[in-house]
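Subject: Structure handover

Hi,

Here is the structure I promised to pass on. Please load it before you read the notes.

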Amino acid sequence: MPKNSKVVKRELDDEVIESVKDLLSNEDSADDAFKKSELIVDVQEEKDIDVEEESEVEDERPAWNSKLQYILAQVGFSVGLGNVWRFPYLCQKNGGGAYLLPYLILLLVIGIPLFFLELSVGQRIRRGSIGVWNYISPKLGGIGFASCVVCFFVALYYNVIIGWSLFYFSQSFQQPLPWDQCPLVKNASHTFVEPECEKSSATTYYWYREALNISSSISESGGLNWKMTVCLLAAWVVVCLAMIKGIQSSGKIMYFSSLFPYVVLICFLIRALLLNGSVDGIRHMFTPKLEMMLEPKVWREAATQVFFALGLGFGGVIAFSSYNKRDNNCHFDAILVSFINFFTSVLATLVVFAVLGFKANVISEKCIAENSKVIIKLLKMGDISRDIIPHHINLSAVTAEDYHLVYDIIQKVKEEEFSALHLNSCQTEDELNKAVQGTGLAFIAFTEAMTHFPASPFWSVMFFLMLVNLGLGSMFGTIEGIITPVVDTFKVRKEILTVICCFLAFCIGLIFVQRSGNYFVTMFDDYSATLPLLIVVILENIAVSFVYGIDKFMEDLKDMLGFAPNRYYYYMWKYISPLMLLSLLIASVVNMGLSPPGYNAWIEDKASEEFLSYPTWGLVVCILLMVLAILPVPAVFIIRHCNLIDNSSGNLASVTYKRGRVLKEPVNLEGDDASLIHGKISSEMSSPNFGKNIYRKQSGSPTLDTAPNGRYGIGYLMADMPDMPESDL
């Protein structure tokens, strides 16, 4: 039984009224604030109750300080690292500009309707993910617990990426940047370049050897990397301090963490557009390959990106919206946040390929200079006749166009012998076609490009500070997806739970800061979220459309919003979205089955990546991650369906009311929709009744039972606080 559910002793203070009957009979007619309150009581049975002294507890649900703060929180949660290093990669890989059309179509079919659905249920029921799905059907209460488990898994490795960004941020205050040049090794006789770095590149070497100090396989732990351990601790301390007061603390931080990335992206775009080759990168990015739109793989990857870009299934969207006022226009919010997310992805893509275009141009110029020297050498040796070189071309200071002309001439003349000359074409397109995503884009490709920027330390500081802010915005929503439902369900103190959650996550997260930690990040990223989240969202859609009833839900929306949502959503939720999600789930399972489970390991001797299969224990961990994430769904269903937990508690409640404020929660929480054990069956539960009917008790008993909606009867509106958001007790 929740600790806040004890009964308050009747006091002689005439301001305190314990009985509902007394409460109504002593209503002050001159109290305007009281008249604005609502009382919903459903009398079923009366029993004697025990009394305890000094147990007054005021439970008021916090609220956003402003609509802007709420929108920034949702934007910060949905806009994350994937917008910067996943979307540009998918856009390049799947047809350039042509990829935007499938993405927009699927955003309208899957993204916005499901995002609107999560916003609506959170705002309507005013609970976290556990309470929401318990309310709709206690047998489906495991959906909320599954969301919490997935959030925890994702938070474990997502904060490691923030730790990596913090490390690079701390190393950026140097001129030149520490990854600008390969380190030199000295021995007794001479000095030479580090062989591992010479075989790869300066930025690649710095990432794998200096930052991660990575081992050669997942089975080779190599001990903790103390630098990354400190950075991970710093990341969790920042998250804990920001979240310790819930939205009261994290909401204020959102102003910076959500807006700063846009400032950096715009600055990067302006700066990149002034660099040579940036336009080539953007042109390459958005040159449409329309034939690729016919490939099913493109649509599957676009659907997956839409799904994860909006943070569906994590519970963060529901948690944030549960702190809204009941009449908030969440339909507008859903469309606004979805298109801000899309705009951010396109903006990030422009920035990434403008910078990569500049980088490709620099590499191309370096390649041309080196190969021009080779051609001059071949001319001197007589391997190539001077007669074939146009007279206007000066190989000592050749332009890109002239070099490509000479290259084509030599290739035609020396058809069979050309390969022996070891000349490169030095095309910028070849460099741009090298698809990079994830950590490879942020910590290798982008860092290399920034070494060629004027004032490179400044841009490096800005870039990694942007990554930290993008990561923190998503982390706040992820942690809120854990904290809010647990606090709502088990009535624990938010501060204590936040500290415990962050400390536990840091301790478990130490496996990601071993020398082999990067491989565990890959494992968790591939297996802990994708399939479980798809299943969670499918069940959410089914729970609202078929268990709760789509017609009833549409009526609830009309009552809540003040207008009827477009009929488009009715057909999306009932037919199109479930079919699309099931198709995506099947395609993901098939793709996972066809792709051998493994990871790219960094081989020190070869100074390159090599694909390795997971060992047997690694495969077991991969399977356990998926099973543990989705296990709460069948577990709770079986417990509720078979009545495996005895529910013999009474169905009583007592309320203390002082100057229009609820001071005490009900006793014996049978029927509480946020309770895992004491939950009504779905047929006994109705939608939240926000009507203006007041049900008065007929007897003089000081007890109060549950309201028709399964909640306890006083107070979606606080009497002496008309501006306070509805408190769902």
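Below are the notes on what was found in it.

**Ground rules**

This is a predicted model, in which local features need pLDDT of at least 70, side-chain atom pairs count only at pLDDT 80 or more, and totals for chains, interfaces and linings use all residues. Residues are numbered from 1 along each chain as its sequence is written, and side-chain values use heavy atoms, with hydrogens and water left out.

**Confidence**

The average pLDDT (the predictor's confidence in each residue, from 0 to 100) is 80 for the protein, and 80% of the residues score at least 70. Two stretches need care. Residues 1–59 stay under 50 in pLDDT. The model gives them 143 contacts beyond four places in sequence; a contact means heavy atoms within 4.5 Å. Residues 647–729 are also below 50, with 276 contacts beyond near neighbours in sequence. Where pLDDT is low, the predicted coordinates should not be read in detail.

**Overall fold**

The protein has 26 helices and seven strands. These are DSSP runs, numbered from the N terminus: helices are H or I with at least four residues, strands are E with at least two. Of the 729 residues, 58% count as buried. Buried means under 20% relative accessible area, exposed means over 50%, and partly exposed lies in between (1.4 Å probe, protein chains only). Take the contacts between residues at least 6 apart in sequence: 80% of them join residues at least 24 apart.

**Salt bridges**

The count comes to 13 salt bridges. The rule is a side-chain nitrogen of Lys or Arg within 4 Å of a carboxyl oxygen of Asp or Glu.

Start with arginine 209. It forms a salt bridge with glutamate 196, with the closest N and O atoms 3.1 Å apart. Arginine 209 sits in helix 10 (residues 202–211) and glutamate 196 in helix 9 (residues 195–199), 13 residues apart. Both residues are buried. Arginine 209 has a relative accessible area of 12%.

Glutamate 604 also forms a salt bridge with arginine 209, with the closest N and O atoms at 3.9 Å. This pair links distant parts of the chain, 395 residues apart. Glutamate 604 lies in the loop between strand 4 (598–603) and strand 5 (608–613). Why does glutamate 604 count as partly exposed? Because its relative accessible area is 39%.

Arginine 493 and glutamate 495 form another salt bridge, the closest N and O atoms being 3.7 Å apart. Glutamate 495 is partly exposed at 22% relative accessible area. Arginine 493 is partly exposed too, at 48%. There is also a network of salt bridges that links Arg124, Arg326, Asp556 and Asp559.

**Helix 21**

Helix 21 (residues 494–508) has 15 residues. From first C-alpha to last it reaches 21 Å, close to the 21 Å expected at 1.5 Å a residue; the expected span is 1.5 Å times one less than the number of residues. Which of its residues are buried? They are Lys494, Leu497, Thr498, Cys501, Cys502, Ala505 and Phe506. They cover an arc of only 160 degrees around the axis, so they lie on the same side of helix 21. The arc is that of the directions from the helix axis to the C-beta atoms. These buried residues pack against helix 8 (142–171), helix 11 (226–243) and helix 20 (456–490).

Lys494 turns up again as a contact of glutamate 480. Glutamate 480 lies in helix 20. At 0% relative accessibility, it counts as buried. Its other contacts outside four places in sequence include Met243, Ser250, Phe320 and Tyr323.

**Annotated binding site**

An unreviewed UniProt entry places the feature "binding site" at Gly76, Val79, Asn83, Asn341, Leu470 and Ser474. Such annotations may be inferred rather than shown by experiment. The positions are spread over 399 residues of sequence, yet they cluster in space, with a largest C-alpha distance of 12.5 Å.

Glycine 76 is in helix 3 (residues 67–78). It is buried, with a relative accessible area of 6%. Beyond four places in sequence, glycine 76 is in contact with Ser258, Leu470, Gly473 and Ser474.

Asparagine 83 lies in helix 4 (residues 81–85). It counts as buried at 2% relative accessibility. Leaving out residues up to four places away in sequence, asparagine 83 touches Ser78, Pro88, Asn341, Ser345 and Ala348.

Best wishes
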